[in-house]
Amino acid sequence: METTSSVRGMNDLLPPESAKWAHLERVCRELFARFGYDEVRPPVVEHTELFVRGVGEGSDIVHKEMYTFRDRSDRSLTLRPELTAGLARAYIEHSMSAKEAVTRWWSLGPVFRYEAINTGRYRQFYQIDCEAYGVGEPTLDAEVIAMLHALYTALRVEPITILVNNVGRGEDRGRYREALIAYLTPHADGLCGDCKRRLVTNPLRVLDCKVETCKAIVAGAPSVLDFLGPAASEHFAAVQATLTELGVPFTVAPRLVRGLDYYTGTVFEFTTTAGNLGSQSTIVAGGRYDDMIGELGGPATPAIGFGIGVERTVLCMPGDAATYAPPVGLFIAAHGAAARRRATALAHTLRQAGIVVEVEHREVGMKAQFRRADKLGARLSLALGESELASGEGKLKDMAARAEHPVVLSDLLATIQRLLA
Ligand code: ATP
Ligand code: MG
(Lines give C-alpha, C1' and ligand atoms only; values in the text may rest on other atoms or scores of the structure.)
(Ligands and ions follow the chains in the order given, each with its own letter.)
Protein backbone atom coordinates (compact mmCIF):
# COMPACT_ATOMS: atom_id res chain seq x y z
CA MET A 1 0.00 0.00 0.00
CA GLU A 2 1.22 3.52 -0.71
CA THR A 3 1.93 5.60 2.34
CA THR A 4 1.45 9.34 2.82
CA SER A 5 4.47 11.45 3.69
CA SER A 6 4.62 14.74 5.55
CA VAL A 7 4.16 18.03 3.70
CA ARG A 8 7.41 19.40 2.23
CA GLY A 9 9.15 21.74 4.66
CA MET A 10 7.04 20.54 7.59
CA ASN A 11 8.95 18.20 9.85
CA ASP A 12 8.26 15.67 12.56
CA LEU A 13 10.15 16.41 15.74
CA LEU A 14 11.36 13.10 17.13
CA PRO A 15 13.50 11.93 20.04
CA PRO A 16 16.28 12.49 20.85
CA GLU A 17 16.07 15.98 19.20
CA SER A 18 12.90 16.71 21.18
CA ALA A 19 14.98 16.63 24.39
CA LYS A 20 17.02 19.55 23.08
CA TRP A 21 13.84 21.46 22.31
CA ALA A 22 12.51 20.72 25.79
CA HIS A 23 15.72 22.08 27.30
CA LEU A 24 15.46 25.29 25.25
CA GLU A 25 11.84 25.73 26.31
CA ARG A 26 12.67 25.07 29.96
CA VAL A 27 15.50 27.62 29.98
CA CYS A 28 13.27 30.21 28.26
CA ARG A 29 10.37 29.62 30.61
CA GLU A 30 12.54 30.14 33.71
CA LEU A 31 14.47 33.11 32.32
CA PHE A 32 11.45 34.96 30.97
CA ALA A 33 9.63 34.55 34.29
CA ARG A 34 12.51 36.30 36.06
CA PHE A 35 12.05 39.25 33.68
CA GLY A 36 8.30 39.38 34.34
CA TYR A 37 6.96 37.78 31.15
CA ASP A 38 3.73 35.76 31.33
CA GLU A 39 2.84 33.07 28.83
CA VAL A 40 -0.02 33.49 26.35
CA ARG A 41 -1.23 31.18 23.59
CA PRO A 42 -3.12 32.81 20.74
CA PRO A 43 -4.68 30.67 17.97
CA VAL A 44 -2.64 29.39 15.04
CA VAL A 45 -5.17 30.76 12.54
CA GLU A 46 -6.14 34.43 12.25
CA HIS A 47 -8.09 36.58 9.80
CA THR A 48 -5.86 37.24 6.79
CA GLU A 49 -6.44 40.96 7.16
CA LEU A 50 -4.54 40.99 10.47
CA PHE A 51 -1.27 40.06 8.76
CA VAL A 52 -1.88 42.30 5.76
CA ARG A 53 -2.31 45.24 8.15
CA GLY A 54 0.12 44.13 10.86
CA VAL A 55 3.03 42.57 8.98
CA GLY A 56 2.52 44.80 5.95
CA GLU A 57 1.50 44.35 2.35
CA GLY A 58 4.99 45.17 1.08
CA SER A 59 6.65 42.40 3.11
CA ASP A 60 7.80 39.17 1.46
CA ILE A 61 5.76 37.27 4.01
CA VAL A 62 2.43 38.78 3.00
CA HIS A 63 3.39 39.12 -0.64
CA LYS A 64 4.34 35.50 -1.31
CA GLU A 65 4.77 33.33 1.78
CA MET A 66 1.41 33.06 3.53
CA TYR A 67 -0.76 29.94 3.77
CA THR A 68 -4.11 31.57 3.10
CA PHE A 69 -7.35 29.69 2.58
CA ARG A 70 -11.11 30.14 2.68
CA ASP A 71 -13.03 28.33 5.38
CA ARG A 72 -16.47 26.82 4.87
CA SER A 73 -18.11 30.18 5.57
CA ASP A 74 -15.93 31.78 2.89
CA ARG A 75 -13.81 33.78 5.35
CA SER A 76 -10.21 34.39 4.32
CA LEU A 77 -8.03 32.88 7.04
CA THR A 78 -4.26 32.50 7.30
CA LEU A 79 -1.94 30.17 9.20
CA ARG A 80 0.11 32.66 11.21
CA PRO A 81 3.46 33.47 9.55
CA GLU A 82 4.78 34.99 12.80
CA LEU A 83 3.53 35.58 16.34
CA THR A 84 3.73 39.34 16.89
CA ALA A 85 0.60 40.35 14.96
CA GLY A 86 -1.63 37.78 16.69
CA LEU A 87 -0.30 38.80 20.11
CA ALA A 88 -0.95 42.48 19.27
CA ARG A 89 -4.48 41.53 18.22
CA ALA A 90 -4.99 39.75 21.55
CA TYR A 91 -3.50 42.69 23.47
CA ILE A 92 -6.01 45.03 21.85
CA GLU A 93 -8.97 42.63 21.97
CA HIS A 94 -8.55 42.05 25.71
CA SER A 95 -8.10 45.79 26.44
CA MET A 96 -4.81 45.07 28.15
CA SER A 97 -3.74 48.72 28.20
CA ALA A 98 -6.76 49.54 30.40
CA LYS A 99 -5.83 46.74 32.82
CA GLU A 100 -2.12 47.41 33.29
CA ALA A 101 0.40 50.06 32.30
CA VAL A 102 3.03 47.54 31.29
CA THR A 103 2.33 44.12 29.79
CA ARG A 104 5.01 41.52 29.20
CA TRP A 105 3.98 38.42 27.26
CA TRP A 106 5.80 35.46 25.81
CA SER A 107 4.52 32.78 23.52
CA LEU A 108 5.72 29.73 21.64
CA GLY A 109 4.40 27.76 18.72
CA PRO A 110 4.51 26.86 15.05
CA VAL A 111 4.39 29.48 12.31
CA PHE A 112 4.01 28.92 8.56
CA ARG A 113 5.71 30.46 5.56
CA TYR A 114 5.82 29.16 2.00
CA GLU A 115 9.60 29.55 1.52
CA ALA A 116 12.44 27.90 -0.39
CA ILE A 117 13.56 25.09 1.91
CA ASN A 118 17.12 24.96 3.21
CA THR A 119 18.99 24.06 6.42
CA GLY A 120 17.30 26.21 9.06
CA ARG A 121 14.60 27.29 6.62
CA TYR A 122 11.35 25.37 6.67
CA ARG A 123 7.68 25.94 5.87
CA GLN A 124 6.45 25.11 9.34
CA PHE A 125 8.89 26.28 11.98
CA TYR A 126 8.68 27.27 15.62
CA GLN A 127 9.19 30.64 17.18
CA ILE A 128 9.48 31.72 20.78
CA ASP A 129 8.42 35.34 21.13
CA CYS A 130 8.57 37.93 23.85
CA GLU A 131 6.61 41.17 23.54
CA ALA A 132 6.56 44.09 26.00
CA TYR A 133 3.85 46.73 25.63
CA GLY A 134 3.52 50.17 27.21
CA VAL A 135 7.17 51.25 27.55
CA GLY A 136 8.91 53.54 25.07
CA GLU A 137 12.10 54.11 27.06
CA PRO A 138 15.45 52.89 25.72
CA THR A 139 16.46 51.04 28.90
CA LEU A 140 13.80 48.43 28.06
CA ASP A 141 15.34 47.90 24.61
CA ALA A 142 18.66 47.16 26.30
CA GLU A 143 17.00 44.93 28.90
CA VAL A 144 15.37 42.85 26.17
CA ILE A 145 18.67 42.41 24.31
CA ALA A 146 20.46 41.59 27.56
CA MET A 147 17.84 38.95 28.36
CA LEU A 148 18.53 37.27 25.01
CA HIS A 149 22.25 37.49 25.65
CA ALA A 150 21.67 35.72 28.98
CA LEU A 151 19.55 33.11 27.18
CA TYR A 152 22.19 32.21 24.61
CA THR A 153 24.87 32.17 27.27
CA ALA A 154 22.78 29.74 29.33
CA LEU A 155 22.28 27.60 26.21
CA ARG A 156 26.07 27.63 25.60
CA VAL A 157 25.61 28.86 22.02
CA GLU A 158 28.80 30.59 20.88
CA PRO A 159 30.16 32.67 19.30
CA ILE A 160 27.24 35.12 19.22
CA THR A 161 27.24 38.43 17.38
CA ILE A 162 24.65 40.97 18.48
CA LEU A 163 23.77 43.48 15.76
CA VAL A 164 21.79 46.59 16.65
CA ASN A 165 20.45 49.45 14.59
CA ASN A 166 17.78 52.12 14.61
CA VAL A 167 15.62 52.22 11.49
CA GLY A 168 13.93 55.50 12.40
CA ARG A 169 10.27 56.31 12.45
CA GLY A 170 7.90 58.79 10.83
CA GLU A 171 9.69 61.68 9.11
CA ASP A 172 13.23 60.34 9.70
CA ARG A 173 12.28 57.09 8.05
CA GLY A 174 10.57 58.95 5.18
CA ARG A 175 13.68 61.00 4.44
CA TYR A 176 15.88 57.92 4.55
CA ARG A 177 13.51 56.08 2.24
CA GLU A 178 13.82 58.87 -0.32
CA ALA A 179 17.61 58.86 -0.09
CA LEU A 180 17.71 55.08 -0.46
CA ILE A 181 15.48 55.15 -3.54
CA ALA A 182 17.68 57.89 -5.02
CA TYR A 183 20.76 55.73 -4.42
CA LEU A 184 19.26 52.43 -5.61
CA THR A 185 17.41 53.62 -8.72
CA PRO A 186 20.52 54.04 -10.91
CA HIS A 187 21.56 50.51 -9.79
CA ALA A 188 18.11 49.02 -10.47
CA ASP A 189 19.27 46.88 -13.42
CA GLY A 190 21.76 45.09 -11.17
CA LEU A 191 19.17 44.16 -8.53
CA CYS A 192 17.45 40.77 -8.35
CA GLY A 193 13.84 40.44 -9.46
CA ASP A 194 12.54 40.61 -5.90
CA CYS A 195 14.53 43.76 -5.17
CA LYS A 196 13.29 45.46 -8.35
CA ARG A 197 9.81 45.03 -6.86
CA ARG A 198 10.96 46.01 -3.36
CA LEU A 199 12.48 49.20 -4.72
CA VAL A 200 8.93 50.32 -5.46
CA THR A 201 6.97 48.66 -2.64
CA ASN A 202 9.42 48.51 0.27
CA PRO A 203 12.91 49.88 -0.51
CA LEU A 204 14.29 49.25 3.00
CA ARG A 205 13.88 45.54 2.39
CA VAL A 206 16.50 45.68 -0.36
CA LEU A 207 19.04 46.11 2.48
CA ASP A 208 18.02 42.68 3.78
CA CYS A 209 18.40 40.80 0.46
CA LYS A 210 20.57 37.69 0.56
CA VAL A 211 21.51 37.72 -3.15
CA GLU A 212 25.23 38.51 -3.57
CA THR A 213 24.81 41.08 -6.37
CA CYS A 214 22.25 42.97 -4.26
CA LYS A 215 24.54 42.79 -1.21
CA ALA A 216 27.31 44.43 -3.24
CA ILE A 217 25.06 47.30 -4.29
CA VAL A 218 23.72 47.72 -0.76
CA ALA A 219 27.27 48.04 0.63
CA GLY A 220 27.43 51.56 -0.80
CA ALA A 221 23.95 52.64 0.32
CA PRO A 222 23.48 55.63 2.64
CA SER A 223 23.27 54.83 6.37
CA VAL A 224 19.93 55.27 8.11
CA LEU A 225 21.82 56.58 11.14
CA ASP A 226 22.66 59.76 9.21
CA PHE A 227 18.94 60.45 8.86
CA LEU A 228 17.81 60.04 12.46
CA GLY A 229 16.37 63.14 14.14
CA PRO A 230 17.50 64.19 17.64
CA ALA A 231 14.90 62.05 19.48
CA ALA A 232 15.82 58.84 17.66
CA SER A 233 19.56 59.53 17.89
CA GLU A 234 19.26 60.11 21.63
CA HIS A 235 17.21 56.94 22.03
CA PHE A 236 19.77 54.89 20.12
CA ALA A 237 22.65 56.37 22.11
CA ALA A 238 20.85 55.48 25.36
CA VAL A 239 20.28 51.88 24.20
CA GLN A 240 23.99 51.54 23.48
CA ALA A 241 25.05 53.16 26.76
CA THR A 242 22.76 50.81 28.72
CA LEU A 243 24.02 47.74 26.87
CA THR A 244 27.57 48.79 27.70
CA GLU A 245 26.62 49.26 31.35
CA LEU A 246 25.10 45.77 31.36
CA GLY A 247 28.25 44.32 29.85
CA VAL A 248 26.48 43.10 26.71
CA PRO A 249 28.78 43.11 23.67
CA PHE A 250 27.16 44.48 20.49
CA THR A 251 27.95 45.82 17.03
CA VAL A 252 26.13 48.74 15.42
CA ALA A 253 24.99 47.57 11.97
CA PRO A 254 23.67 50.62 10.06
CA ARG A 255 22.28 48.48 7.23
CA LEU A 256 20.39 46.08 9.44
CA VAL A 257 16.66 46.14 8.69
CA ARG A 258 14.05 43.53 9.41
CA GLY A 259 11.90 41.67 6.91
CA LEU A 260 8.67 42.76 8.53
CA ASP A 261 7.32 46.23 7.85
CA TYR A 262 6.24 47.08 11.36
CA TYR A 263 9.54 47.94 12.99
CA THR A 264 10.23 51.49 14.23
CA GLY A 265 13.43 52.62 15.94
CA THR A 266 15.59 49.95 17.57
CA VAL A 267 16.08 46.69 15.66
CA PHE A 268 18.45 43.84 16.49
CA GLU A 269 19.56 40.40 15.38
CA PHE A 270 21.72 37.71 16.92
CA THR A 271 23.84 35.73 14.49
CA THR A 272 26.22 32.85 15.03
CA THR A 273 28.64 30.67 13.10
CA ALA A 274 27.75 27.71 15.36
CA GLY A 275 25.63 25.09 13.65
CA ASN A 276 26.91 26.00 10.15
CA LEU A 277 23.68 27.72 9.21
CA GLY A 278 25.13 29.66 6.26
CA SER A 279 22.79 32.44 5.23
CA GLN A 280 20.35 31.18 7.87
CA SER A 281 22.70 32.35 10.64
CA THR A 282 20.21 34.73 12.26
CA ILE A 283 18.83 32.87 15.25
CA VAL A 284 16.72 35.61 16.80
CA ALA A 285 15.52 38.96 15.55
CA GLY A 286 13.36 41.75 16.87
CA GLY A 287 12.88 45.39 17.58
CA ARG A 288 10.48 48.19 18.43
CA TYR A 289 7.13 48.55 16.75
CA ASP A 290 5.73 51.64 18.43
CA ASP A 291 3.06 52.28 15.78
CA MET A 292 1.56 48.82 15.32
CA ILE A 293 -0.94 48.73 18.18
CA GLY A 294 -2.36 52.09 17.05
CA GLU A 295 -2.41 51.04 13.41
CA LEU A 296 -4.35 47.90 14.29
CA GLY A 297 -7.02 50.05 15.94
CA GLY A 298 -5.79 49.91 19.54
CA PRO A 299 -4.72 52.81 21.74
CA ALA A 300 -1.30 54.20 20.75
CA THR A 301 1.09 51.96 22.70
CA PRO A 302 4.85 51.60 22.32
CA ALA A 303 6.03 48.01 22.06
CA ILE A 304 9.14 45.92 21.57
CA GLY A 305 9.62 42.23 20.94
CA PHE A 306 11.54 39.47 19.26
CA GLY A 307 11.12 36.07 17.65
CA ILE A 308 13.56 33.27 18.35
CA GLY A 309 14.00 30.75 15.54
CA VAL A 310 13.71 27.49 17.48
CA GLU A 311 15.06 25.07 14.83
CA ARG A 312 18.09 27.28 14.16
CA THR A 313 18.77 27.79 17.85
CA VAL A 314 18.58 24.06 18.52
CA LEU A 315 21.01 23.40 15.63
CA CYS A 316 23.50 25.71 17.40
CA MET A 317 23.18 24.21 20.87
CA PRO A 318 26.28 22.12 21.59
CA GLY A 319 26.35 18.39 22.25
CA ASP A 320 24.41 15.34 21.13
CA ALA A 321 20.68 15.69 21.49
CA ALA A 322 20.61 12.52 23.61
CA THR A 323 22.69 14.21 26.32
CA TYR A 324 19.78 16.61 26.90
CA ALA A 325 17.40 13.77 27.86
CA PRO A 326 17.22 12.78 31.51
CA PRO A 327 19.39 9.66 31.89
CA VAL A 328 17.79 6.36 32.81
CA GLY A 329 18.73 5.83 36.46
CA LEU A 330 17.66 2.22 36.79
CA PHE A 331 16.72 -0.64 34.46
CA ILE A 332 14.87 -3.51 36.08
CA ALA A 333 15.27 -6.82 34.31
CA ALA A 334 12.64 -9.29 35.44
CA HIS A 335 12.30 -13.04 34.98
CA GLY A 336 8.84 -14.54 35.36
CA ALA A 337 5.37 -13.08 35.89
CA ALA A 338 5.70 -12.60 39.67
CA ALA A 339 9.02 -10.78 39.27
CA ARG A 340 7.51 -8.51 36.60
CA ARG A 341 4.69 -7.57 38.98
CA ARG A 342 7.20 -6.78 41.72
CA ALA A 343 9.39 -4.87 39.25
CA THR A 344 6.42 -2.80 38.14
CA ALA A 345 5.57 -1.92 41.74
CA LEU A 346 9.18 -1.06 42.66
CA ALA A 347 9.53 1.11 39.55
CA HIS A 348 6.33 2.95 40.37
CA THR A 349 7.61 3.88 43.84
CA LEU A 350 11.02 4.96 42.52
CA ARG A 351 9.53 7.06 39.74
CA GLN A 352 7.37 8.89 42.23
CA ALA A 353 10.59 9.75 44.07
CA GLY A 354 11.96 11.30 40.86
CA ILE A 355 14.10 8.48 39.46
CA VAL A 356 13.92 7.57 35.78
CA VAL A 357 13.20 3.82 35.70
CA GLU A 358 12.70 1.45 32.80
CA VAL A 359 11.10 -1.95 33.43
CA GLU A 360 11.24 -4.82 30.98
CA HIS A 361 7.60 -5.88 30.71
CA ARG A 362 8.16 -8.27 27.82
CA GLU A 363 8.87 -11.91 28.46
CA VAL A 364 12.36 -12.00 26.96
CA GLY A 365 15.63 -13.57 28.07
CA MET A 366 17.82 -11.83 30.68
CA LYS A 367 20.66 -11.38 28.18
CA ALA A 368 18.41 -9.44 25.80
CA GLN A 369 17.14 -7.40 28.73
CA PHE A 370 20.65 -6.32 29.72
CA ARG A 371 21.46 -5.48 26.11
CA ARG A 372 18.49 -3.13 26.14
CA ALA A 373 19.64 -1.62 29.47
CA ASP A 374 23.00 -0.89 27.83
CA LYS A 375 21.41 0.62 24.75
CA LEU A 376 19.26 2.89 26.92
CA GLY A 377 22.37 4.04 28.76
CA ALA A 378 20.94 3.01 32.14
CA ARG A 379 23.24 3.95 35.04
CA LEU A 380 22.15 1.00 37.21
CA SER A 381 20.38 -2.26 36.61
CA LEU A 382 18.67 -4.73 38.86
CA ALA A 383 17.85 -8.33 38.04
CA LEU A 384 14.70 -9.71 39.66
CA GLY A 385 13.88 -13.41 39.62
CA GLU A 386 12.51 -16.07 41.95
CA SER A 387 15.53 -16.04 44.27
CA GLU A 388 15.49 -12.22 44.71
CA LEU A 389 11.77 -12.32 45.44
CA ALA A 390 12.30 -15.06 48.01
CA SER A 391 15.25 -13.46 49.79
CA GLY A 392 14.18 -9.81 49.42
CA GLU A 393 17.71 -9.03 48.36
CA GLY A 394 19.37 -8.35 45.04
CA LYS A 395 22.36 -6.82 43.30
CA LEU A 396 22.45 -3.36 41.79
CA LYS A 397 24.83 -3.31 38.88
CA ASP A 398 26.67 -0.13 37.95
CA MET A 399 26.54 -0.48 34.17
CA ALA A 400 29.56 1.67 33.37
CA ALA A 401 31.87 0.49 36.17
CA ARG A 402 30.59 -3.10 35.87
CA ALA A 403 30.56 -3.16 39.69
CA GLU A 404 27.85 -4.79 41.80
CA HIS A 405 26.30 -3.45 45.00
CA PRO A 406 24.19 -5.71 47.22
CA VAL A 407 20.82 -4.19 48.06
CA VAL A 408 17.87 -5.01 50.31
CA LEU A 409 14.78 -4.51 48.14
CA SER A 410 12.88 -2.71 50.89
CA ASP A 411 15.76 -0.23 50.99
CA LEU A 412 16.08 0.17 47.21
CA LEU A 413 15.28 3.90 46.96
CA ALA A 414 17.90 5.04 49.50
CA THR A 415 20.58 2.83 47.95
CA ILE A 416 19.86 4.10 44.44
CA GLN A 417 19.83 7.71 45.58
CA ARG A 418 23.22 7.17 47.20
CA LEU A 419 24.67 5.49 44.11
CA LEU A 420 23.32 8.05 41.65
CA ALA A 421 24.41 11.06 43.72
P1 ATP B 1 15.37 35.37 7.37
O2 ATP B 1 15.99 36.68 7.02
O3 ATP B 1 16.36 34.31 7.74
O4 ATP B 1 14.37 34.93 6.35
P5 ATP B 1 13.29 36.65 8.82
O6 ATP B 1 13.75 38.04 8.84
O7 ATP B 1 12.26 36.25 7.83
O8 ATP B 1 14.56 35.65 8.68
P9 ATP B 1 11.82 36.79 11.30
O10 ATP B 1 10.52 36.96 10.62
O11 ATP B 1 12.41 37.93 12.00
O12 ATP B 1 12.87 36.17 10.25
O13 ATP B 1 11.71 35.52 12.28
C14 ATP B 1 12.47 35.39 13.47
C15 ATP B 1 13.41 34.22 13.41
O16 ATP B 1 12.75 33.06 12.96
C17 ATP B 1 14.55 34.37 12.43
O18 ATP B 1 15.59 35.11 12.98
C19 ATP B 1 14.95 32.93 12.21
O20 ATP B 1 15.79 32.48 13.26
C21 ATP B 1 13.65 32.21 12.27
N22 ATP B 1 13.14 31.90 10.92
C23 ATP B 1 12.66 32.77 9.99
N24 ATP B 1 12.23 32.12 8.91
C25 ATP B 1 12.43 30.80 9.14
C26 ATP B 1 12.16 29.60 8.39
N27 ATP B 1 11.57 29.63 7.20
N28 ATP B 1 12.50 28.41 8.95
C29 ATP B 1 13.08 28.34 10.17
N30 ATP B 1 13.34 29.43 10.93
C31 ATP B 1 13.01 30.65 10.42
MG1 MG C 1 12.41 35.46 5.91
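Visitor: At what angle to strand 6 does helix 4 (residues 84-93) run?

Guide: This is a predicted model, so to speak of local features needs pLDDT of at least 70, and side-chain atom pairs count only at pLDDT 80 or more, while totals for chains, interfaces and linings use all residues. Residues are numbered from 1 along each chain as its sequence is written, chains are lettered from A and ligands numbered from 1 in written order, and side-chain values use heavy atoms, without hydrogens or water. Helices (H or I, at least four residues) and strands (E, at least two) are DSSP runs, numbered from the N terminus. Helix 4 lies across strand 5 and strand 6, and its angle to strand 6 is about 40 degrees.

Visitor: Good start! Which strands stand at the edges of the sheet?

Guide: The open sheet has 8 strands in the order 1-5-6-11-10-9-7-8, with mixed pairing (a pair needs at least two DSSP bridges). Each edge strand has a single partner, so one side is left without a neighbour in the sheet: these are strand 1 (38-39) and strand 8 (251-252).

Visitor: And which residue of strand 11 is the bridge partner of R288?

Guide: Strand 10 (residues 282-288) and strand 11 (residues 303-309) pair in the antiparallel sense over 5 bridges. In strand 11, the partner of R288 is I304.

Visitor: What angle does helix 1 make with strand 6?

Guide: Helix 1 (residues 17-34) packs on the sheet, touching strands 1, 5, 6 and 11 (contact means heavy atoms within 4.5 Å). Axes are lines fitted to C-alpha atoms, for helices over the stretch in contact, and angles between N-to-C directions run from 0 to 180 degrees. For helix 1 and strand 6 (124-133), the angle is about 5 degrees.

Visitor: How far apart are the C-alpha centres of domain 1 and domain 2?

Guide: Domain 1 covers 17-168 + 228-316 and domain 2 covers 326-420, with bounds from an automatic or database assignment. Their C-alpha centres are separated by 47 Å.
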